[in-house]
Amino acid sequence: MPGTFSQIYIQVVFAVKSRENLINRNWAPELHKYIAGIIKGKNQKPIIVNGMPDHIHAFMGLRPVMSISDLVRDIKSNSTNFINERKFVKGKFAWQEGYGAFSYSHSQIKNVYNYILNQENHHRKETFKEEYMDLLKKFEIEFEEKYLFDWNE
């Protein structure tokens with residue numbers, strides 16, 4: 001739409017079903033690249049995709065022509081098919097229901113990028129559950145713990 005300008009930066013976080021450690025470091029970069037391709041294919045701007053064996057962080061510039069929920073649905077659906085078609089895991093791979101979406105200002109891009117880039121170092125100090133709960137609290141998102149991910153601990 002002419003005359004419409006926006007600058008929306010979103011970090012989306014989602015987990016493997018039952019929080020299993022199924023994303024292997026041998027094929028994780030290929031998955032991250034594929035997810036970035038989905039984002040780009042939906043005319044959004046992938047900034048960085050990275051994660052751990054049990055979850056993914058995708059940071060992107062979002063245009064208001066697409067809802068976050070539609071984009072995450074497409075990312076999860078297409079990446080599930082990608083993993084299963086390549087038989088990266090035994091049995092059927094699936095993502096857990098739900099996701100977290102967190103917004104940032106332009107001035108925060110570098111910090112969020114580095115945070116996502118350094119996930120491995122970050123998770124030496126903090127579990128995914130601690131990280132996710134910290135994000136929810138930092139962004140003052142009301143939640144009921146029973147509706148969060150199934151924590152496989």
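Predicted model: local features only at pLDDT ≥ 70, side-chain atom pairs only at ≥ 80, totals over all residues.
In strand 4, the residue that bridges to Tyr9 is Tyr104. Strands and helices here are DSSP runs, numbered from the N terminus: helices are H or I with at least four residues, strands are E with at least two. Strand 1 and strand 4 pair in the antiparallel sense, over five bridges; two strands pair if DSSP finds at least two bridges between them.

Residues are numbered from 1 along each chain as its sequence is written, and side-chain values use heavy atoms, with hydrogens and water left out.

I turn to the sheet. Strands of a sheet pair through backbone hydrogen bonds, either parallel or antiparallel. Here, four strands form an open sheet in the order 2-3-1-4, with antiparallel pairing. Which strands are the edge strands? They are strand 2 and strand 4, each of which pairs on one side only. On average, neighbouring strands of this sheet are turned by 15° against each other, direction ignored. For such angles, axes are lines fitted to C-alpha atoms, for helices over the stretch in contact, and the angles run from 0 to 180 degrees between N-to-C directions.

Two helices that pack on this sheet deserve attention. Helix 3 touches strand 1, strand 2, strand 3 and strand 4, and its direction makes about 35° with that of strand 2; contact means heavy atoms within 4.5 Å. Helix 5 touches strand 1, strand 3 and strand 4, and its direction makes about 145° with that of strand 1.

Consider helix 3 in detail, residues 109-117. Its buried residues are Ile109, Val112 and Ile116, where buried means under 20% relative accessible area, exposed over 50%, and partly exposed in between, with a 1.4 Å probe and protein chains only. Because these three cover an arc of only 70° around the axis, they lie on the same side of helix 3; the arc is that of the directions from the helix axis to the C-beta atoms. On the other side of helix 3, Lys110 and Asn111 are exposed. The buried residues of helix 3 pack against strands 1, 2, 3 and 4, and also against helix 4 (119-122).

In helix 5, the buried residues are Phe128, Glu131, Tyr132, Met133, Leu135 and Leu136. They pack against strand 1, strand 3, strand 4, helix 3 and helix 4. After helix 5 comes Glu140, whose phi is positive, near 55°.

Next, the nonpolar cores. A nonpolar core is a set of buried Ala, Val, Leu, Ile, Met, Phe, Trp, Tyr and Cys residues joined through side-chain atoms within 4.5 Å. The largest has 26 residues, and those touching the most other members are Ile23, Leu31, Ile35, Ile56, Ile75, Ile83 and Trp95. At least two residues of this core come from each of strand 1 (8-15), helix 1 (28-41), strand 3 (55-62) and helix 2 (68-85). Helix 1 gives the most, with six residues. A second, separate core has 14 residues, including Ala15, Phe59, Val112 and Leu135.

Finally, the aromatic rings. A pair of aromatic rings is described by the distance of the centres and the angle of the planes. Rings of Phe, Tyr and Trp (its six-membered ring) pair if their centres lie within 6.5 Å; planes under 30 degrees apart count as stacked, over 60 as edge-to-face and the rest as tilted. By this rule there are 11 aromatic pairs. Tyr34 and Phe82 form a stacked pair, 4.0 Å centre to centre with 15° between the planes. This pair links distant parts of the chain, as Tyr34 is in helix 1 and Phe82 in helix 2, 48 residues apart. Tyr34 counts as partly exposed because its relative accessibility is 30%, whereas Phe82, at 4%, counts as buried.

Phe128 and Tyr132 form a tilted pair, 5.7 Å centre to centre and 50° between the planes. Because they are four residues apart in helix 5, about one helical turn separates them. Which residues form one aromatic cluster? Tyr9, Phe59, Phe102, Tyr104, Phe128, Tyr132 and Phe139 do.
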